[in-house]
Every structure is written in structure tokens, then in C-alpha cells.
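Dear colleague,

I am passing a structure on to you, and I would be grateful if you could look through it before reading my notes below.

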Amino acid sequence: MEEAASAAFFVFLSRQRHVNNMKQIADFKLIAKEDYGRSVLLRLQSERSLPDIVPGQFVQVRVDGSPSTYLRRPISIHDVDFQQNEISLLVQQVGEGTRHLASAKVGDVLNMVLPLGNGFTLPEKCEKVLLVGGGIGIAPLYYFAKVLVEKGIQPTLLLGGRTENDLIRLADYQKFGETHVTTEDGSLGEKGFVTMHSIWQKQCFDKIYVCGPKPMMKAVAKIAAEKDVWCEVSLENLMACGLGACLCCVEDTVDGHVCVCKEGPVFNIRRLKW
Amino acid sequence: MVNMTIDLGRGLVLRNPVMTASGTFGYGEEYTDFVDLSQLGGIIVKGTTLHPREGNPYPRMAETASGMLNCVGLQNKGVQYFIDTIYPRIKDFDTNVLLNLSGSCLDDYVKGAEMVDSLDKIPAIELNVSCPNVKQGGMAFGVTCAGISQVVSEVRKVYHKHLMVKLSPNVTNIAEIALAAETAGADSVSLINTLMGMAIDAEKRKPKLSVITGGLSGACVKPVALRMVWQVAKAVKIPVVGLGGISNATDAVEFMLAGASAIEIGTANFIDPAVSVKVVEGMKEYCERHSFEKVSDLIGGLEI
């Protein structure tokens, strides 16, 4: 028993990279790009070794060459490959800034500040976990699901979109665990919103993690509160600095106005005044 | 080797002319992964009021062409919290730490200044009489000569260290206001605070900011700031600290040439968290290239 524990600890140690929790400003080269219509997947590689990154954290990308875009754009981290110093971002084209980012070509360099904010709280090994993603909100759940599986936890996923086209990389998500789908037009999975999915009647969970549009997160938070289930949501308020300095991205919480960029973007729903 | 030192008077000596502007650099702690604070002339920490303030509701920010609007509304936990909790964490930073002090009424300014006067490691306050985002006080004191005269002279009575007064650009004649601050006992003036502005979402037919109007900052305000610094520097004898859209060393040099003795970097910290140290290096390089032995030789060096 003791030997097994120490062996496990040794494996843990050998897998641990040198602790590097400093934030960086670094140039990343776009090495691959996949087009998903309204969204693109950008695979970016740095010449520097990556800092530690936990699921739910985000980057601030500088948008070069777009006169109408002055500030960086906060984008959640979709996937990380520490061996290759690689980060993937799933960028949905919402306005001029994200349209410009999505038009980047392989070989282009993007400057990023990372990693920012606090990630999701990792569950205990024995807990039953549900990850709920809506629209582009599925992006950070990829890296989260991957890390959970690495830790021996198999999550259940519930992903929703307007149409099947919103469910980007669905086959890849399905590898991580039982995956349920809703679409508003019924083109894939159950028709309707994630909150209407039959899974809520069939299964119980110890922890629920949500990322998506605010109305969707509020609706899931309401279900979680009614069932008295622990629940974290990832917010995306408009922000400028991403570092907790400008105080623009505040959310109303039981502790008053707090910065989503620094104290979030992940919050336990009990802390929010929803 | 260029001498980068700037003496702003009454004990406020800067290692170099570059400071970071209030509200854009937190308490310095937020930036230590990117910036060696000992390379800066100073940092001016977040606007603080006597009593805690929750600030305005969200949304507080709107991006504009080459700039941004904000209506944060001086969210802060009050002077006492600053003294008890924040000051012990930042007092040993190897740079000048200035406190930006704001208020809703005269008494708030005076009491706040009195409390901060005894903090050994705070060599100066920047008196904020120019915040456009609070209903009472704030900018109200900064837009008339009588108002600024009153608040500066009352604070002067209780505050014994360097008193910098941050001016609003939302006035008809900023030189008159600066002169009133000087006469009332200010050791220096810093300008400009943000320009009042507004943004509308045409699709929703709604304002983009929760309180409709906000303060404009960023590269877009630089020409206005530069002009005002030039006007004020001609009008007063005390040092002028220039800010407004400074994004690189060239911008900083322009402000010095217009008459600023030092500069502050604000919104640019959001785009490049390491910009402040780059500006210091760039100013040094400029002085070397133009054979200035001291950076202070740039002050008012505009050739007309």
C-alpha cells in the first residue's frame, strides 16, 4: 500500500514540469488552422516553454493590423500541448477583432498574454461530473475534459448549439466521456436547449461545470441550485486589461463587484448574485 | 550614460520620468510578472476615496477607435483599507508609490489626505479632482478655479508631502485651472484625466455604458493631451506631469518637449503590460541619439 503510494507519487513527480506560474507576454506562431464556418480553430506554438495552465484559464490576444480594434481580445484556452509548447484557441467571429483574428494565416504571429484568471476547481476522483457547454462556450471544456480523463475521472458532457454546425469537434469531445447533445433546430441530438435535455431527469451529478452564453449559464445554475448541486460557471464579461487593474469586467457577487478577469472567469454560483 | 533623474520638488525624486497612471496599473502587484518596478520612476495606485465605493454597474467599458471609454466610478475599498491591507504589501516596492486620492466632498479629501500623510513610503498624493464618472465631487472640484482652489488649499493645510493635482480636460481653459491649483499650493499638476465621451449600440438603440457617459482614454486622446500640457506648462511654474494616450517612448518625448517634467502611462498598459519599461529604455535611447546628457534637458525643448 505504502509502496504503491510512493510509486504513484514518483510518477506524479516525474510528470510534474518545473513549476512556472509566471504570466508571460509571448509571440505564438500560427502552425495550423481549421475552419468551422463561424468559428476557427487556431493552433499556436511558442518558442518559449509554456507557463503552467489549468483548464478554464484564458489568454489575451493582441489584434494587429485592425484599426478599429484597440484592445486585446480575451479568448479561452481550448487545448494545451506542453511538449510542443502549443496552445489551441477556438475563436468565434463575433465582431471586428475576432473576425480579424480568424483571418490569421498559417505562419502569422499572434502576441498573447497568458495564462489569465482562475480555472475550474478540480473534482475528487469519486465524484460524478457534468460539463455543460453552449455554443462557443464548449471551447474551454475540451482541455478540461482532457485533464479530467488524465486524472482518471470520466466526465459526462452535455453540449448545445443552435445547429449541428455549432458542435465543433464533437467526435473529439466524445472520446472523453458520455456526450449528450442538443440543438435548437433539432439537426443533432435532442431538440431545444441544454436545460431541456432528458439527462437532467435521468442522472444525478456531484459537480456541474458550465460555459456558454449568460442566459444559458443562468438557466443551468438555476437547475443546479434547485437540485442543491455544486456548480461552477465561466463568465466572459467585457474586459480591457485582463489583469485585474482596470476594474471594467466586474460581476456582482456576494462580496460586491469583483473582476471576472482576475477572480474569475470561473465562479461558484453561490458567489454570484444571479 | 544619460542622467534620467527628475526632481518634481518637495521630496519627490523620480529615478526616471516614467510613472504608471492611476486606474491602469492596479497596485503594481498585478504587473510584477511583466515589469521590474524598480525600473520605473513611480507607480500611481488606484483612485482611493475616504469611504469604500462599489463603483458603477456593469458594463463599464466600451472600445472606441484607437481608445476606450470607461465608467468604473472609483470602485475601491477606502483609505483605511488601503492603509491596513494594501500599504503593507506594496510599501517596500523599490519605486515611488503615489496614492491617487479622490472624494465626494471637501471633508473627504481633507480627511483622506490627513490619514495618508503619515505613511512613510508614500512620498506624494495625486489629488483626483477630475474623475468624470462619479455623481458628486470628483470632477466638480476640478472644473472651476474656485472649486480647485478650495480643495487644494484645504488639503495643503493637512498634507505635508508632495501634492500633485490631476486636472480634468473637460474645461474651457485648463491653464486657468492649473494656475489656480498652483496658487492654492499644489507642488505639481498632472494632466489629462479622461475626456468625457459616450458610445451607443445602434442595433440595440442603447448606450454601451451603464451610466451612459464615460471617460475616453488611449492613443486617440494624445493630441488633445499634448496641446493641454503645452498650454499649462507655459502658464505655471510648478512641474507638469503629462499623460493621455502615451503608448511608446516617442510619445513620451513629445510630452517632455511640450513642457512635461515627467509622464504617466495609462491605457497602453492594457495592450502591452510591459510598455512602461520599454518607454524608459526608449527615452534613454532618444537622449543618447540626440546627445542629451540629462533627460531633464528635454523639458519644454520644443523649438518653435
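This is a predicted model: local features need pLDDT of at least 70, side-chain atom pairs count only at pLDDT 80 or more; totals for chains, interfaces and linings use all residues.

Residues are numbered from 1 along each chain as its sequence is written, while chains are lettered from A and ligands numbered from 1 in the order in which they are written.

Chain A has 7 helices and 15 strands (DSSP runs, H or I of at least four residues for helices and E of at least two for strands, numbered from the N terminus). Of its 274 residues, 46% are buried, that is, with 20 or more other C-beta atoms within 10 Å of their own, whereas exposed means 12 or fewer, the C-beta atoms being placed from the backbone.

Between the chains, 23 residues of chain A are in contact with 28 residues of chain B (C-beta atoms, placed from the backbone, within 7 Å). On the chain A side, the elements giving two or more residues are β13 (250–253) and β14 (256–259).

In chain B, helix α8 (residues 275–289) has 15 residues, and its buried residues are B:V275, B:S276, B:V279, B:V280, B:M283 and B:C287. They lie on the same side of α8(B), because they cover an arc of only 145 degrees around the axis (taken from the directions from the helix axis to the C-beta atoms). The face turned away from that buried side carries the exposed residues B:E285, B:E288 and B:R289.

With kind regards

Methods: The expected span of a helix is 1.5 Å times one less than its number of residues. Two residues are in contact if their C-beta atoms, placed from the backbone, lie within 7 Å.
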